[in-house]
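Reader: I am new to this structure and would like a close look at a single part of it. Please keep the account plain.

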Amino acid sequence: MRKKLLIGLLVLSLALVLSPQGMNLSHAAKKFVSIASGWVVGVYYPLAGAISSIAHKNLPDIKVTVESSGASVANAKLIASSDADMAILQNDIAFYALQGVKPMFDKPVANIRGITSLYQEHCQIQARKDAKIATVADLKGKRVCVGPLGSGTEQNALQILEMYGMKFEDFSKVERLTATESSDYLKDGRIDAAFYSVGVGAAGLVDTAMTVDCVIVPVDGSQRDALMKKYPFFTKAVVNKGAYKGIDADVPTVAVMAILVARAEMEEAMAYQITKAIFDNIADIERAHAKGKELKLETALNGMSIPLHPGAEKFFKEKGIKK
């Protein structure tokens, strides 16, 4: 009997010692989600940061971390390899990823799914004023940055140039730089122009225009019409007067959509919770960056070029946005 009593006391003692851990099971079960964003000075990064903050305040069981990355093409590949759970990228690149369009993708990214469209992403060509570049054709023989290797910016640059019968080989020098590096190179006079696929008002372009006299090169006319016909992801867009120092008139261009995606393997409940939290706290997105003001429930599926994640689809059906 005494032996049984001792064993009972020992079991009770162990239960008391271990009880604090039991009380923290919810913490131990916290699920971690990573979002691949883009350049720190771009728009993807602060918007991803806002989503992380929303999760921190409203979803105690989900911790969202933000990773800086090489943007659209690289982000799709991070989804494919499961090195990122979510990502922000261009709608055209998401479609190419799903289809496995070469040379961007060796094989389809079969597990990429849509969460929501975010905002219109303008294709902007910023050039030093002293380089005397008034049209896309004037880029011939110039030193030009076309964005990081494998980025959505690089792909859009190729597509725009195609409409003018041009290739990268027509430049005297091709640079593949981040937005920060492009800004530094423009300010230092090491390049004449740089392509960006980014929301109007991105820090890198603003900083450059504050330092040196710059222009935004228009994409317009028959070339723009041909571009939109061949690549229907593009839409007409305008860089508004005053968007940057020295821009004294509206500049016509084209744009794609930035969208938030997730891995198909993400739990439906988690995708639903994150989607709902974003739209329940949309003011936090608006405060993160000026482009965040473009996110609206009624336009959340505009430009969605890939199938929705079931969790997001459930949310939009509840809101009557999707049948």
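How many residues apart are Lys187 and Asp184 in helix H7 (residues 179-188)?

Author: Lys187 and Asp184 are three residues apart in helix H7, so about one helical turn separates them. Helices here are DSSP runs of H or I with at least four residues, numbered from the N terminus. This is a predicted model, in which local features need pLDDT of at least 70 and side-chain atom pairs count only at pLDDT 80 or more, while totals for chains, interfaces and linings use all residues. Residues are numbered from 1 along each chain as its sequence is written, and side-chain values use heavy atoms, with hydrogens and water left out.

Lys187 and Asp184 form a salt bridge, their closest N and O atoms being 3.7 Å apart. A salt bridge is a side-chain nitrogen of Lys or Arg within 4 Å of a carboxyl oxygen of Asp or Glu. Lys187 also meets Asp207 in a salt bridge, at 2.5 Å from N to O. That pair links distant parts of the chain, with Lys187 in helix H7 and Asp207 in helix H8 (residues 203-211), 20 residues apart.

Lys187 is partly exposed, at 22% relative accessibility. The term covers values between buried (under 20% relative accessible area) and exposed (over 50%), using a 1.4 Å probe and protein chains only. Asp184 is partly exposed as well, with a relative accessible area of 31%, and Asp207 counts as partly exposed at 35%.

A search of the whole structure finds 17 salt bridges.

How values were computed. Helix = DSSP H or I, 4+ residues; strand = E, 2+ residues; numbered from the N terminus.
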